[in-house]
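Visitor: I'm new here and would like to understand how labels are given to residues. Could you walk me through some of them?

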Amino acid sequence: MENGKELIVDGWFTEQWDEQNWSLMVEEVLYHEKSKFQDILVFKSKTYGNVLVLDGGIQCTERDEFSYQEMIAHMPLNCHQNPKHVLIVGGGDGGVLREVLKHDEVETVTQVEIDEKVVEVCKKYFPTMACQYNHPKLRLHFQDGIEFVKNSKNMFDIIINDCTDRDLQDESSGSNPLFQLPYWKNLKQALRPGGIIIQQEESVFFHLDLIKKGFEMCRSLFPVVNYASAYIPSFCGGQGFRLCSSNPDVDFKEPIHKWSFEERKKRSLRYYNQNVHKAAFVLPEFADQALYPDDDFNKQ
């Protein structure tokens, strides 16, 4: 369990991974505590607003959180004909929940967050994200998402895995089981017919081999598996997403639901639109060849 506060040196917070550093100037430490599950740090930065750090890794910043939340929510929901029942695994900052509830056709949102302290902290320090925890459509459970999914059968149209990054040094620790085959088999069973799963994924520039392994695993379970990306400055290298569907006819590049300019304004969207949705699936050539070796996914 990384001590996030120890990563602040001479007024700079520095996130370290893969022999690389990324730093933000700290104006003030707002909160630091070790919960039962992880180290939680919130600081006010000079340029990115409030920043949430879990076990030493940046989870979100006020400046750019909307790009991640909008993409991981609206891409799958807008590719499903009638997404009534949604499961969010993780997402204690509340941002994904906020975006999911912008879809009027959604009847229930079940959120399973292992760490109640994260929700409590985000309500205080990220009120524009954790703003829907009193919504009547929400069913909130504070428990292990792996166990919850294991006991869920044929329940959800959309499953959003909004988990922390895997630990590349220890396969059994942290959120690593959420990237492994036993969990994904249970995810498949939890889907209703035609269901869609999305999970945050690594950058093709840093961990293409890990992404390929995830693709191979999911292709053994689902007829459609695709990779999308978004530009999020505080996630160096970009943010990836893995999308899977039990519906062989789904085309993730073409959203079924296309919001007009007025509809996007009504939903206060700042990143997502149908053109950004389509463009998210266009990959640089090296990644396209690695993930789709037998098919030119980017063909016109």
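Guide: Gladly! Let's begin with a cut-off: buried means under 20% relative accessible area, exposed means over 50%, and partly exposed is in between. Please keep in mind that this is a predicted model.

Visitor: Why is F206 called partly exposed?

Guide: The relative accessibility of F206 is 31%. That value falls between 20% and 50%, so F206 counts as partly exposed. You can find F206 in the loop between β11 (191–201) and α6 (208–219).

Visitor: What makes up the nonpolar patch on the surface?

Guide: F205, F206 and F286 form that patch, and together they have about 310 Å² of accessible area.

Visitor: Is H80 buried or exposed, and how do you know?

Guide: H80 has 9% relative accessibility, which is under 20%, so H80 counts as buried. Its place is in the loop between α1 (65–77) and β7 (85–90). Setting aside residues up to four places away in sequence, H80 touches D157, I158, G194, G195, I196, I256 and H257.

Visitor: How do you know that D93 has no salt bridge?

Guide: A salt bridge needs a side-chain nitrogen of Lys or Arg within 4 Å of a carboxyl oxygen of Asp or Glu. For the buried D93, the nearest side chain of opposite charge is R98, 7.5 Å away, so no salt bridge is counted.

Visitor: What does the side chain of D93 have by the backbone nitrogen of G95?

Guide: A polar atom of the D93 side chain lies 2.8 Å from that nitrogen of G95. D93 itself is in the loop between β7 and α2 (95–100).

Note on methods:
Residues are numbered from 1 along each chain as its sequence is written. This is a predicted model: local features need pLDDT of at least 70, side-chain atom pairs count only at pLDDT 80 or more; totals for chains, interfaces and linings use all residues. Side-chain values use heavy atoms; hydrogens and water are left out. Helices (H or I, at least four residues) and strands (E, at least two) are DSSP runs, numbered from the N terminus. Buried means under 20% relative accessible area, exposed over 50%, partly exposed in between (1.4 Å probe, protein chains only). Contact means heavy atoms within 4.5 Å. Patches are made of residues with over 30% relative accessible area and no salt bridge: like charges are joined within 9 Å, nonpolar side chains (Val, Leu, Ile, Met, Phe, Trp, Tyr) within 5 Å. Accessible areas come from the Shrake-Rupley method with a 1.4 Å probe; for residues, only the protein chains shown count as cover. Lys and Arg count as positive and Asp and Glu as negative; His and the chain ends are not counted. A polar contact is a pair of N or O atoms within 3.5 Å; within protein, one must be able to donate a hydrogen and the other to accept it, and residues adjacent in sequence count only if both atoms are side-chain atoms.
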